[in-house]
Amino acid sequence: MERILCEVNNCSYWGDGNKCTADAIYVVSHTGDKAETSEETDCKTFKPEKH
Ligand code: SF4
């Protein structure tokens, strides 16, 4: 997605310019279905790059 910027450059969806190339991403919370800080959230769509 052009508008999603991401620094996780070992994800297979990561592209140049820190752009996420997935059609959609799924963001999850570490603390149930709510979060207090951004640190408590994560991208579940992350897929490690194949080597
Ligand atoms: S899928 Fe998630 S971790 Fe992977 S590039 Fe996109 S936003 Fe980053």
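Predicted model: local features only at pLDDT ≥ 70, side-chain atom pairs only at ≥ 80, totals over all residues.
Good morning. The protein chain contains zero helices and four strands, where helices (H or I, at least four residues) and strands (E, at least two) are DSSP runs numbered from the N terminus. Read along the sequence, the pattern is β-β-β-β. Residues are numbered from 1 along each chain as its sequence is written, and side-chain values use heavy atoms, with hydrogens and water left out.

The C-alpha trace of the protein chain spans about 30 × 25 × 15 Å along its principal axes. Of its 51 residues, 8% count as buried, meaning under 20% relative accessible area, with exposed being over 50% and partly exposed in between (1.4 Å probe, protein chains only).

As for annotation, an unreviewed UniProt entry lists residues 4-46 as "domain: DUF1540"; such annotations may be inferred rather than shown by experiment. This span is 0% helix and 23% strand, and its end C-alpha atoms lie 13 Å apart.

I turn now to the ligand. Which residues are around the ligand? They are C6, C11, Y13, W14, C20, C43, T45 and F46, each with a heavy atom within 4 Å of the molecule. This shell divides into seven nonpolar residues, one polar and no charged. Here Ala, Val, Leu, Ile, Met, Phe, Trp, Tyr, Cys and Pro count as nonpolar, Asp, Glu, Lys and Arg as charged, and the others, Gly among them, as polar.

The ligand sits in the largest pocket, in that more than half of its atoms lie within 2 Å of the grid points. A pocket is, on a 1 Å grid over the protein atoms alone, an open set of points where a 1.4 Å probe fits, with protein on both sides within 12 Å along at least five of seven lines; lining residues have an atom within 4 Å of a point.

The volume of the largest pocket is about 270 Å³, taken as the space filled by probe spheres set on the points. It is lined by 16 residues, of which L5, C6, E7, V8 and C43 are the closest to its centre. The lining comprises twelve nonpolar, two polar and two charged residues. Strand β4 (residues 41-43) supplies the largest share, three residues.

Finally, T37 is placed in the loop between β3 (27-29) and β4. T37 counts as partly exposed because its relative accessibility is 37%. The C-alpha atoms of T37 and Y26, eleven residues apart along the chain, are separated by 17 Å.
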